[in-house]
Amino acid sequence: MDQETQKYYDNYFSLFMQDGWKQLMQDFGSNVANINSVEATKDAEDLQFRKGQLNLLSHLLNLETIMTTNYEEATKAAEEDD
């Protein structure tokens with residue numbers, strides 16, 4: 001793995017260890033239930049907006065797992081190339 005790619009992953013892993021990141025993920029997790037409520041949906045446009053919000057929140061809430069998996073795959077591929 002080249003240095004630029006390693007730095008990319010290192011920056012993310014450093015971010016994930018911060019208390020602020022953990023706090024943000026807790027807040028986002030709490031918001032999912034409110035956004036995912038069909039009862040509060042006013043119309044089809046609002047439903048689509050909520051769908052977009054949930055998509056983004058899902059990505060952010062899973063970002064640490066996504067990055068860890070990608071890093072492990074990249075590391076494995078780099079080792080196989082050597």
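A polar contact is a pair of N or O atoms within 3.5 Å; inside a protein, one of the two must be able to donate a hydrogen and the other to accept it. Keep that in mind, and start by selecting T41. Its side chain reaches the backbone oxygen of S37 at 3.4 Å, which is within the 3.5 Å cut-off.

**The whole chain**

Zoom out now. What you have open is a predicted model. The mean pLDDT of the chain is 92, with 99% of residues at 70 or more. If you colour by pLDDT, compare two helices: α1 has the highest mean among the elements, 96, while α4 has the lowest, 91.

Switch to a cartoon view.

Turn the model around and look at its outline. The C-alpha trace spans about 55 × 25 × 15 Å along its principal axes. The radius of gyration is 17 Å, whereas a compact globule of 82 residues would come out near 12 Å. As for burial, 15% of the 82 residues count as buried. Among contacts between residues at least 6 apart in sequence, 64% join residues at least 24 apart.

Select residues 3-16, which are α1. This helix has 14 residues and reaches 20 Å from its first C-alpha to its last, close to the 20 Å expected at 1.5 Å a residue. Next, click on D2. This residue caps the N-terminal end of α1, with a side-chain oxygen 3.1 Å from the backbone nitrogen of E4.

Move on to M17, in the loop between α1 and α2. Is M17 buried or exposed? M17 is exposed, because its relative accessible area is 60% and the cut-off for exposed is over 50%.

**The nonpolar core**

Select Y9, F16, W21, M25, F28, I35, L57, L63 and M67 and show their side chains. These nine residues make up the largest nonpolar core. The elements giving two or more residues to this core are α1, α2 (19-35) and α4 (63-81). Which element gives the largest share? That is α2, with four residues.

Beyond its neighbours within four places in sequence, I35 is in contact with R50, Q53, L54 and L57.

**V32, also in α2**

Now pick V32, found in helix α2. Its relative accessible area is 24%, so V32 counts as partly exposed. Leaving out residues up to four places away in sequence, V32 touches L54, L57 and L61. Draw a line from the C-alpha of V32 to that of R50: the two are 18 residues apart along the chain and separated by 9.7 Å.

**R50 in α3**

Follow that line to R50, which lies in helix α3. Why does R50 count as buried? R50 is buried because its relative accessible area is 15%, and the cut-off is under 20%. Look for a polar atom of the R50 side chain: the backbone oxygen of A40 lies 3.4 Å from it. Setting aside neighbours within four places in sequence, R50 is in contact with N34, I35, S37, A40 and T41.

**Back to T41**

One of those contacts is T41, where the tour began. T41 sits in the loop between α2 and α3 (44-61). Not counting residues up to four places away in sequence, T41 touches D46, L47 and R50. To finish, show S37, T41 and R50 together: the T41 side chain reaches the backbone oxygen of S37, and R50 is in contact with both S37 and T41.

Technical notes. Residues are numbered from 1 along each chain as its sequence is written. This is a predicted model: local features need pLDDT of at least 70, side-chain atom pairs count only at pLDDT 80 or more; totals for chains, interfaces and linings use all residues. Side-chain values use heavy atoms; hydrogens and water are left out. A nonpolar core is a set of buried Ala, Val, Leu, Ile, Met, Phe, Trp, Tyr and Cys residues joined through side-chain atoms within 4.5 Å. Buried means under 20% relative accessible area, exposed over 50%, partly exposed in between (1.4 Å probe, protein chains only). Contact means heavy atoms within 4.5 Å. The expected span of a helix is 1.5 Å times one less than its number of residues. pLDDT is the predictor's confidence in each residue, from 0 to 100. The radius of gyration is taken over C-alpha atoms; the globule rule is 2.2 Å times the number of residues to the power 0.38.
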